[in-house]
Amino acid sequence: MKEGYSNWRKLDNAALAFPLVTGKNDTRVFRFYCQLKEKVDGEILQSALDQTMEKYPLFQAVLRKGLFWFYLEHRDIRAVVKQETEPPCSRLYIPDKKSLLFQVTYDKDRINFEVFHALTDGTGAMHFLQELVQNYLILAHPQDDIPRIENAEEVTHGDKEEDSFSQYYSSDMPKNKEKKETAVKLKGEKLVHSDMHITEVVLSVKDIHQKARSYGASITVLLTAMMLCSIREEIPKNQQKRPVTLMIPVNLRNYFPSYSMTNFFGWIEAGQVFEENTRFEEVLQNLQHVFRTELVKERIADNMNRLVRLEKNPLLRAVPLEIKNLFLLAGTTLGGRSISAIYSNIGKIQLPDVFETYVDSFGFFTSTDKLQMCSCSYGDKMRVGITSKILSHNIQRNFLRILKEEGIH
């Protein structure tokens with residue numbers, strides 16, 4: 001075991017409910033992948049993974065159930081690269097099974113990194129994949145002198161495993177008594193077990209950036225508006241007066257300095273009540289107001305403290321896990337009522353220019369129990385992954401049509 005790395009750690013606040021809500025219909029697994037411009041060599045990828053694990057020993061853990069909390073326990077289990085055979089985002093966490101919570105697979109020219117959300121968030125996963133791809137390309141092309149990406153500051157194993165929720169929690173913050181409206185619930189026959197639709201759209205970053213600028217908006221606001229309008233067309237008659245609301249995860253490291261590779265994210269909720277004559281420009285204006293209002297440190301801190309407050313409650317801390325689980329499940333169920341779907345944008349992935357010779361693009365999507373859109377970009381390629389349990393493709397079709405109407409190919 002690495003020096004400075006603990007043998008076990010309690011799950012961070014964002015991960016507490018993941019073991020409870022994980023099942024056959026939503027594995028809580030997400031996939032980041034790198035599309036190379038060459039075929040992947042499995043043996044070289046294994047060597048690259050062995051190197052990467054030297055830097056990320058906190059990922060070498062299994063999930064255990066204690067008397068008071070779930071916790072992660074370090075285990076000397078070697079992560080083994082496999083050729084892809086299972087459907088994307090297949091189940092990784094199985095209760096009482098002592099297995100790693102991530103896997104690396106490959107298929108032709110693609111390297112996949114899949115991870116159970118209790119282990120890390122999108123930022124942690126992307127850092128891991130970038131390190132893996134870097135190690136792979138250096139090993140595969142020793143003659144090309146590919147530079148190693150190094151952090152300016154020395155980051156310790158302790159920094160990487162820090163529970164930043166607890167680090168920045170303040171009990172002095174006022175309680176938020178804001179009542180959330182029940183959002184439109186997506187209807188329709190659903191796929192069962194691990195089956196889900198995966199729709200991927202590849203866009204030009206230049207094109208979508210120009211379109212966003214023409215509206216005076218960010219790319220995230222523009223794509224959020226497009227997804228809200230795509231769902232609008234499928235709202236059942238009995239839900240017409242409810243808002244269509246997207247949960248937008250927020251990387252808390254942008255507001256509170258942290259090198260943690262565990263979960264450290266919050267979210268905002270961005271919604272729109274649609275009238276018969278609501279125009280696209282109105283949706284954009286409303287969203288820009290929501291983003292400006294919500295994405296400020298004070299609001300972010302308030303929301304984060306509200307999430308951690310339940311975990312820090314001395315009465316709840318003292319009761320056994322089985323009773324805690326009832327509270328956590330109730331909170332998860334109630335919280336879901338204000339959400340129609342989720343949109344997670346990791347943003348721009350940057351590597352030194354030399355990597356463009358070997359790397360085509362990066363992509364990102366996740367398991368879901370309803371509908372989720374994910375996006376990230378590298379160079380001029382932005383990949384948008386939409387996963388859905390709903391049998392109908394109407395929302396995806398609407399989204400593609402809106403892109404076309406806005407002149408984005």
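**Figure 1. The hairpin of β13 and β14 in the predicted model.** The hairpin of β13 and β14 has 2 residues between the strands, and G379 takes a positive phi near 65°. The model is predicted: local features need pLDDT of at least 70 and side-chain atom pairs count only at pLDDT 80 or more, whereas totals for chains, interfaces and linings use all residues. Residues are numbered from 1 along each chain as its sequence is written, and side-chain values use heavy atoms, with hydrogens and water left out. Helices (H or I, at least four residues) and strands (E, at least two) are DSSP runs, numbered from the N terminus; two strands pair if DSSP finds at least two bridges between them. Strand β13 (residues 371–378) and β14 run antiparallel and are joined by 8 bridges, and M373 stands opposite I386 in β14.

**Figure 2. Strand β14 and its pairing with β8.** Strand β14 (residues 381–388) is largely enclosed by the rest of the structure, because 7 of its 8 residues are buried. Buried means under 20% relative accessible area, exposed means over 50%, and partly exposed lies in between (1.4 Å probe, protein chains only). Strand β8 (residues 197–204) pairs with β14 in the antiparallel sense over 8 bridges. S204 stands opposite K381 in β14.

**Figure 3. The surroundings of Q372.** Q372 lies in strand β13 and is buried, with a relative accessible area of 11%. Leaving aside residues up to four places away in sequence, Q372 touches I342, S344, T366, S367, G385, I386 and T387; contact means heavy atoms within 4.5 Å.

**Figure 4. The open sheet of 5 strands.** The strand order is β5-β6-β7-β2-β12, with mixed pairing. The edge strands, each pairing on one side only, are β5 (82–83) and β12 (359–366). Strand β2 (residues 29–36) and strand β7 (residues 110–116) run antiparallel and are joined by 7 bridges; Y33 stands opposite N112 in β7. On the other pairing shown, β2 and β12 are antiparallel over 7 bridges, and Q35 stands opposite S361 in β12. Strand β12 is mostly covered, with 7 of its 8 residues buried.

Figure 5. Axes are lines fitted to C-alpha atoms, for helices over the stretch in contact, and angles run from 0 to 180 degrees between N-to-C directions.

**Figure 6. The surroundings of I44.** I44 is placed in helix α2 and counts as partly exposed, at 24% relative accessibility. Residues up to four places away in sequence not being counted, I44 touches Y136, L139 and A140. The C-alpha atoms of I44 and I138 are separated by 9.9 Å, although the two residues are 94 residues apart along the chain.

**Figure 7. The open sheet of 3 strands.** The strands follow the order β1-β4-β3, and the pairing is antiparallel. Its edge strands are β1 (8–10) and β3 (61–65), each of which pairs on one side only. The twist averages 30° from one strand to the next. Strand β4 (residues 70–74) runs antiparallel to β3, the two being joined by 5 bridges; the bridge partner of R64 in β4 is Y71.

**Figure 8. The second largest pocket.** This pocket has a volume of about 480 Å³. Of the 25 residues that line the second largest pocket, the closest to its centre are K82, L92, L100, F102 and Q103. Strands β5 and β6 each supply at least two residues of the lining, and the largest share, 4 residues, comes from β6. By class, the lining has 11 nonpolar, 6 polar and 8 charged residues. On a 1 Å grid over the protein atoms alone, a cavity is a set of points where a 1.4 Å probe fits but cannot get out, and a pocket is an open set with protein on both sides within 12 Å along at least five of seven lines; lining residues have an atom within 4 Å of a point. Grid points are joined across faces, edges and corners, and a volume is the space filled by probe spheres set on the points. Ala, Val, Leu, Ile, Met, Phe, Trp, Tyr, Cys and Pro count as nonpolar, Asp, Glu, Lys and Arg as charged, and the others, Gly among them, as polar.
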